[in-house]
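Student: I would like to learn how to read the local features of a model such as this one, beginning with the backbone and ending with the ligands.

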Amino acid sequence: MADPKGFLTTGKQLAERRPVDVRLRDWNEVYVERSLLPIITKQAGRCMDCGIPFCHNGCPLGNLIPEWNDLAYRDDFVGAIERLHATNNFPEFTGRLCPAPCESACVLGINQDAVTIKNVEVTIIDKAWDRGGVTPQIPERLSGKTVAVVGSGPAGLAAAQQLTRAGHTVVVYERADRIGGLLRYGIPEFKMEKRHINRRIEQMRAEGTRFRTGVHVGEDITGQQLRERFDAVVVAAGATTARDLPVPGRELKGIHQAMEYLPLANKVQEGDFVESPISAKGKHVVVIGGGDTGADCVGTAHRQGAASVTQLEIMPRPSEERPGHQPWPTMPMTYKVTSAHEEGGERIYSVNTTRFTGDEDGNVQELHLVEVEFKDGRFEPVPGTERAIPAQLVTLAMGFTGTDVKNGLVEQLGADLDARGNIARDGRFATNVDGVYVCGDAGRGQSLIVWAIAEGRSAAAAVDTYLGGKTPLPAPIRPTDRPLVV
Ligand SMILES: Cc1cc2nc3c(=O)[nH]c(=O)nc-3n(C[C@H](O)[C@H](O)[C@H](O)COP(=O)(O)OP(=O)(O)OC[C@H]3O[C@@H](n4cnc5c(N)ncnc54)[C@H](O)[C@@H]3O)c2cc1C
Ligand code: SF4
């Protein structure tokens, strides 16, 4: 145990964020660079090295949290990154972006603030990169087997890295112009700078993984062709079919899916445009959907110079404390103030959008809403609460309904879908088509980066077994594993 009294003598201290007026002037990450280093060892020392570390259970990757907390406390960051990489291919992604179910499950969280596991994680990996401690792990011998991975999000990248290191020749096909999936073209730069993806890709290239961008599997190459050319195929194509809002006025100009709006802002940061073709500059912006995608729209709109930003949510405002029906160690639904929310805007809860109205040129000008109550299993409008708010740019961030490769790749392969519109798989991530596996959001539905990495690692173990009869690769989860809920 790092510091037997750490949890008694040291209070929780979070990574410092840059002042709002400063960070709104750029797109860099919101955190003060290096701010964690002086405090991180003390924070790691709050870990109690529990006999039954529930943080392990909370983390889909089974991260060895007490072990690297102890090493970080002792300033052994070389040992800490070895333990961290043992279970997580990309801690720089999860350390920045994960909602940290491990912290919700931390034993210290029963009656105190949980250990700041995520901040320790990101410091360990950032230090490792800084001192040149992340190097390619080139396989000693090749198996002679080939694997195609469709999709380069966190699931596809994790599967590809594991399979390459196991000695297989792996080609990652990506329909977008750059590698990274939603890490690249969903999550804004201010949450994670894309340089973190770029240097991982360089490591993977050096290990032998091959990348083919701008190739839409299902159009540029068929599913059957892929299956014929490779010994195995891993489908990690995500779940990006967005839920729509079929109300009067939806056809007006200025109403966009979040995933039409956010990638363009990311492309500005990549240098593809000077200004986004869908910009919030000078506009009253309304974001429909109170989740993380909505928060990303809020932060993006503020940086683009919106006149106002309002976020709407149909559900009631969650409580700030863990609700009684979501006890430790579950991951509770609580009121969150993300960095984007700190930067301004208004959040309105328990409202539904009834229609949009526009000007004579067909541009949206107003969003009409009504307050709602949850009665008899549905949201009912509260009479007399209708009102209109200004809306010159509206983004829809209401969740996703499954994979968008149903008509191409899935049909060509003859793969089955499950009842929720995801690609069906058995307990070993295998589809009904011999040699075709599925991982990440494509099989699970829209989820989290940590689940995508865990699925990619587990699917890689299944593919390695399929190709060679056995595997030394770890399989942290089964397809049916779900977050801890009651
Ligand atoms: C805006 C937004 C913000 C989010 N923020 C967070 C967050 O902060 N933290 C968190 O944990 N999770 C977050 N998520 C969820 C998280 O990003 C996803 O769960 C995760 O990226 C899923 O990984 P994946 O590899 O399965 O799929 P994806 O990341 O969706 O990658 C799939 C890739 O496959 C490619 N592809 C699809 N079809 C084909 C084809 N036919 N041929 C070739 N390529 C194809 C796509 O172009 C894409 O690049 C967010 C999601 C969104 C939309
Ligand atoms: S549950 Fe919390 S205190 Fe216990 S080992 Fe994990 S991080 Fe440390």
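Tutor: Let us begin with Ser350, which lies in the loop between β8 (346-348) and β9 (351-358); helices (H or I, at least four residues) and strands (E, at least two) are DSSP runs, numbered from the N terminus. Keep in mind that this is a predicted model, in which local features need pLDDT of at least 70 and side-chain atom pairs count only at pLDDT 80 or more, while totals for chains, interfaces and linings use all residues; side-chain values use heavy atoms, with hydrogens and water left out. Residues are numbered from 1 along each chain as its sequence is written, and chains are lettered from A and ligands numbered from 1 in the order in which they are written.

Student: What is the phi of Ser350, and is Ser350 buried or exposed?

Tutor: Phi of Ser350 is near 55°, a positive value in a residue other than glycine. Ser350 counts as buried, with 19% relative accessibility, where buried means under 20% relative accessible area, exposed over 50%, and partly exposed in between (1.4 Å probe, protein chains only). Asp376 also has a positive phi without being glycine, its value being near 50°. Asp376 is placed in the loop between β10 (364-375) and β11 (378-381), and with a relative accessible area of 79% this residue is exposed.

Student: Where is the cis peptide bond?

Tutor: The cis bond joins Trp328 and Pro329, with omega at about 5°, and Pro329 belongs to the loop between β7 (308-312) and α16 (339-342).

Student: How should I describe a pair of aromatic rings, and how many aromatic pairs are there?

Tutor: Such a pair is described by the distance of the ring centres and the angle of the planes. Rings of Phe, Tyr and Trp (its six-membered ring) pair if their centres lie within 6.5 Å; planes under 30 degrees apart count as stacked, over 60 as edge-to-face and the rest as tilted. Counted in this way, there are seven aromatic pairs. In one of them, the centres of Phe54 and Trp328 are 4.7 Å apart and the planes stand at 50°, so the pair is tilted. Phe54 lies in helix α4 (residues 54-58) and Trp328 in the loop between β7 and α16, so the pair ties together parts that are 274 residues apart in sequence. Phe54 is partly exposed, at 27% relative accessible area, and Trp328 is partly exposed too, at 24%.

Student: Which charged groups sit over rings?

Tutor: The rule asks that NZ of Lys or CZ of Arg be within 6 Å of the ring centre and within 35 degrees of the ring normal. Lys127 lies over the face of Phe77, 4.8 Å from the ring centre, and the charged end of Arg317 sits over the ring of Tyr335, 3.5 Å from the centre of that ring.

Student: Where is Glu343, and which side chain does Glu343 contact?

Tutor: Glu343 is in the loop between α16 and β8 and counts as buried, at 7% relative accessibility. A polar contact of 2.7 Å joins the side chains of Glu343 and Arg23; a polar contact is a pair of N or O atoms within 3.5 Å, and within protein one must be able to donate a hydrogen and the other to accept it, while residues adjacent in sequence count only if both atoms are side-chain atoms.

Student: Which residues come nearest to ligand 1?

Tutor: A residue is near a molecule if one of its heavy atoms lies within 4 Å of it. Of the 35 residues around ligand 1, Leu97, Glu174, Lys191, Val217 and Asp441 come nearest. Oxygen atoms of ligand 1 lie 2.6 Å from a side-chain N or O atom of Glu174, 3.0 Å from a backbone N or O atom of Leu182 and 3.2 Å from a backbone N or O atom of Ser447. Taken alone, ligand 1 exposes 1000 Å², of which the protein buries 96%, the areas being from the Shrake-Rupley method with a 1.4 Å probe. The elements giving two or more residues to this shell are α10 (154-165), β2 (169-174), α14 (258-269), α15 (292-303) and α19 (449-468).

Student: Which residues come nearest to ligand 2?

Tutor: Cys47, Cys50, Cys55, Cys106 and Val107 come nearest, out of 14 residues around ligand 2. Both α4 and α5 (65-73) supply at least two residues of this shell, and α5 gives the most, with three.
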